[in-house]
Amino acid sequence: MVKARVIETNEGIQNEVAVEMFDVFARSMRDKGWNGVDGMIASGIKGGDVLEVGPGPGYVGLELAKKIHPTSLTGCEISPAMLRFSEKNAAEYGISARYVLGNCMNMPFEDESFDAVISNGSLHEWENPICAFDEIFRVLRTGGRFCITDLRRDVNSLKKTMVYLSTKPKEMRPGLLTSLNAAYTVSEINALLYRSKLHHATVSSDFFGLSIAGQK
Ligand SMILES: C[S@@+](CC[C@H](N)C(=O)[O-])C[C@H]1O[C@@H](n2cnc3c(N)ncnc32)[C@H](O)[C@@H]1O
């Protein structure tokens with residue numbers, strides 16, 4: 001039986017030291033190619049105006065942009081400290097991304113502003129995922145695509161141990177466990193989607209995570 005969710009945070013990652021550590025971690029995930037970008041492209045995410053929800057230090061959207069060359073890349077991030085890293089990293093990539101301080105449950109964008117919405121590793125921190133799914137629907141243009149990826153809570157303990165031990169820097173390991181405990185299962189996500197405007201989405205699971213993809 002899967003243990004009940006334990007909420008991790010409703011405020012994103014705000015602490016300066018934690019943010020700096022997360023940047024090192026996300027950079028190492030990027031270097032290993034473990035960022036879910038190929039899966040996002042396989043789900044149908046292509047160019048146009050792309051929004052990344054909860055970009056953190058920005059590597060996922062920046063790696064996607066390197067591959068699909070979108071018209072624009074925008075990030076909506078709740079943590080000012082993370083925004084400083086995403087801006088620095090976009091400059092390093094030479095990509096003119098725009099990062100906006102905002103909460104994905106009430107995004108500071110007009111209706112139908114984007115051709116694609118992506119997000120990785122952020123969903124388990126959203127206070128009200130149904131509200132966030134409805135916001136993603138609202139800011140997408142008709143025909144626009146979304147792909148939201150995250151951890152899943154029902155991974156077995158062997159996989160958990162393998163990933164725990166390979167997580168670097170090792171100071172990030174406790175955070176991996178709290179994020180896993182806050183993550184959803186596929187059936188929980190299906191139940192939430194059913195009550196949202198993304199109810200037609202397809203949910204799939206892989207080695208360590210889940211993916212929600214579809215089209216408006
Ligand atoms: C675990 S990090 C993942 C960062 C990045 N997407 C990655 O894969 O490396 C989750 C990010 O989502 C942000 N976040 C959490 N709740 C949010 C919300 N309600 N609105 C916008 N961003 C949020 C956090 O501040 C953090 O930067």
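**Exercises on a predicted fold**

Trp-126 and Phe-133 are both buried (under 20% relative accessible area, 1.4 Å probe, protein chains only). The model is predicted: local features need pLDDT of at least 70, side-chain atom pairs count only at pLDDT 80 or more, and totals for chains, interfaces and linings use all residues. Residues are numbered from 1 along each chain as its sequence is written, and side-chain values use heavy atoms, without hydrogens and water.

**Exercise 1.** Classify the aromatic pair of Trp-126 and Phe-133.

*Solution.* Start with the cut-offs. Rings of Phe, Tyr and Trp (its six-membered ring) pair if their centres lie within 6.5 Å; planes under 30 degrees apart are stacked, over 60 edge-to-face, the rest tilted. The structure holds four such pairs. For Trp-126 and Phe-133, the centres lie 6.4 Å apart and the planes make 75°. The pair is edge-to-face.

**Exercise 2.** Find the buried residues of helix H7 and what they pack against.

*Solution.* Helices (H or I, at least four residues) and strands (E, at least two) are DSSP runs, numbered from the N terminus. H7 covers residues 173–182. Its buried residues are Arg-173, Leu-176, Ser-179, Leu-180 and Ala-182. They pack against strand E5 (140–151) and helix H6 (157–166).

Conventions:
Buried < 20%, exposed > 50% of the residue type's maximum accessible area, 1.4 Å probe, protein only. Contact = heavy atoms within 4.5 Å.
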